[in-house]
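Here is a short report for a reader who is new to this structure. Take a look at the sequence and the model before reading on.

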Amino acid sequence: ATQLDQLHFSSREPAVNAYTAGGEFLVHKDSQALTVLIPLSANSQFTGGGTAFWSRVEEPSIILKPKEGTAMLFGGCVTH
């Protein structure tokens, strides 16, 4: 058995989301064990954007805009 044989996905995993112009997600938690986000476009190709993270306040605590191809990993219980 390989390590891939040991992976178990829920009915909604893995998920691939693509944004179009003006696209966004509302603040949410993924409720999965792990979230991996990989931006595929350079920040110079659009305005706005990024991944915002919230603590217990109404405004985001931080907004990350990593270089394209850079993976962001965080627990599914993190509000973003």
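## The model

This is a predicted model. Residue numbers start from 1 along each chain, as its sequence is written.

## A nonpolar surface patch

Five names make up this patch: Leu34, Val36, Ile38, Leu40 and Leu73. They form a nonpolar patch on the surface. Together they have about 520 Å² of accessible area.

Take Ile38 from this group. Ile38 sits in the loop that links β1 (35-37) and β2 (51-53). Its relative accessibility is 45%, so Ile38 counts as partly exposed.

## Gly75, after β4

Gly75 is found in the segment that follows β4 (72-74). Gly75 has a relative accessible area of 27%, which means that it is partly exposed.

Which residues does Gly75 touch, not counting residues up to four places away in sequence? They are Gln32 and Ala33. Gln32 is 43 residues from Gly75 along the chain, yet 7.3 Å separates their C-alpha atoms.

## Thr79, in the segment after β4

Thr79 also has its place in the segment after β4. Is Thr79 buried or exposed? Its relative accessible area is 18%. Buried means under 20%, so Thr79 is buried.

Technical notes:
Predicted model: local features only at pLDDT ≥ 70, side-chain atom pairs only at ≥ 80, totals over all residues. Heavy atoms only, no water. Patch = residues over 30% accessible without salt bridge, like charges linked within 9 Å, V, L, I, M, F, W, Y side chains within 5 Å. Areas by Shrake-Rupley, 256 points an atom, 1.4 Å probe, with all protein chains shown as cover. Salt bridge = Lys/Arg side-chain N within 4 Å of Asp/Glu carboxyl O. Helix = DSSP H or I, 4+ residues; strand = E, 2+ residues; numbered from the N terminus. Buried < 20%, exposed > 50% of the residue type's maximum accessible area, 1.4 Å probe, protein only. Contact = heavy atoms within 4.5 Å.
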